[in-house]
Amino acid sequence: MPQPPISTASAPPIYAIGDLQGCACSLSKLLGLLPSSARLRFAGDLVNRGPASLETLRAVRDLGDRAESVLGNHDIHLLAVAAGVRKKGRTDSLDDILDADDRDSLLTWLRHRPLALYERGFLLVHAGVLPQWTVNQVMELAQEVENELRGPNWMAFLADIFGNAADRWHDGLRGIERHRVIINALTRLRFCTADGIIDLKTKEGPSGAPAGFMPWFDVPGRRSKGVTVVAGHWSTVGLVVRPNLLQLDTGCVWGGQLTAARLTKDPAERALVQVNCPEYRNPLP
């Protein structure tokens, strides 16, 4: 649940960081540019596609209480592959984790990450928020999934949560269908309709919106617009900085940049820190 506001006058700065996707060298460079006192909040997709998923996962975990990350779709995919309920994809770069001696402790740490964080007036998710959800709803729905992932039956849960058919929310949803929509929205959302139907196929930028769909953050009357949502996931939309939105996936693994944004109440003080990244994957193979 959202916490009441606290004084931030003497609190350490918080920086949100976009998708890492196994780019450990870029992470190391970026951390070298941030204050050593800074708290770090990662927008998910710590692993996959880049060359060093194991090193990246270890690095974020070893930051301890200084850092937290929400789960992204690639992180959940890793957990499902490790559980034996999903096949590796053609472009996956997860073998270093799957073969590691500390694999089990890393996976346990990963599946205990949240799906959403709310602090200092910022809501952090990997992909986006459906227009009919309030901040309170986001946190409550995220916790439902978190409880399953952290529980003893997490492998069976992961066996049932994938699929594009779960593309619309209504309050009467129950069981696995409910959880599928929650996960699809928080970790895969790009475009949706005004009433929250999700497009789960289109990966282009806003100009490629299917008929009747729009970027989730542009839906009129979005109920979370009163807070600043911080997200990643959408490299083709790139950096978007608005008073109530920070989209931070700037295509690190595609040869773009890795971006950190300081989370401050005053939008004018939200300084960006970026490093240029090698092109580990061709975005247009």
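Analyst: Let's start with residue classes: Ala, Val, Leu, Ile, Met, Phe, Trp, Tyr, Cys and Pro count as nonpolar, Asp, Glu, Lys and Arg as charged, and the others, Gly among them, as polar. This model is predicted, so local features need pLDDT of at least 70 and side-chain atom pairs pLDDT 80 or more, while totals for chains, interfaces and linings use all residues. Residues are numbered from 1 along each chain as its sequence is written, and side-chain values use heavy atoms, leaving out hydrogens and water.

User: How much space lies in the largest pocket?

Analyst: A pocket is an open set of points on a 1 Å grid over the protein atoms alone, where a 1.4 Å probe fits, with protein on both sides within 12 Å along at least five of seven lines; lining residues have an atom within 4 Å of a point. Points are joined across faces, edges and corners, and the volume is the space filled by probe spheres set on them. Here the largest pocket holds about 1,100 Å³. It is lined by 40 residues, and Arg49, Asn73, His74, Arg190 and Lys203 are the closest to its centre. Helix H3 (73-83) and helix H8 (175-188) are the elements that give two or more residues to this lining (helices, H or I, of at least four residues and strands, E, of at least two are DSSP runs, numbered from the N terminus). By class, the lining has 10 nonpolar, 16 polar and 14 charged residues.

User: What is the strand order in the open sheet of five strands?

Analyst: Strands of a sheet pair through backbone hydrogen bonds, either parallel or antiparallel. A pair needs at least two bridges found by DSSP. In this sheet the order is E4-E5-E9-E11-E10, with mixed pairing. Strand E4 (117-119) and strand E10 (240-242) are its edges, each pairing on one side only. Inside the sheet, E9 (residues 228-231) and E11 (residues 245-247) run parallel, joined by three bridges. Look for Val230, which stands opposite Leu246 in E11.

User: At what angle do the axes of H6 and H8 cross?

Analyst: Axes are lines fitted to C-alpha atoms, for helices over the stretch in contact, and angles run from 0 to 180 degrees between N-to-C directions. The axes of H6 (residues 135-150) and H8 come within 10 Å and cross at roughly 115 degrees. Angles under 35 degrees count as roughly parallel, over 145 as roughly antiparallel, 65 to 115 as roughly perpendicular and the rest as oblique. H6 and H8 are therefore roughly perpendicular.
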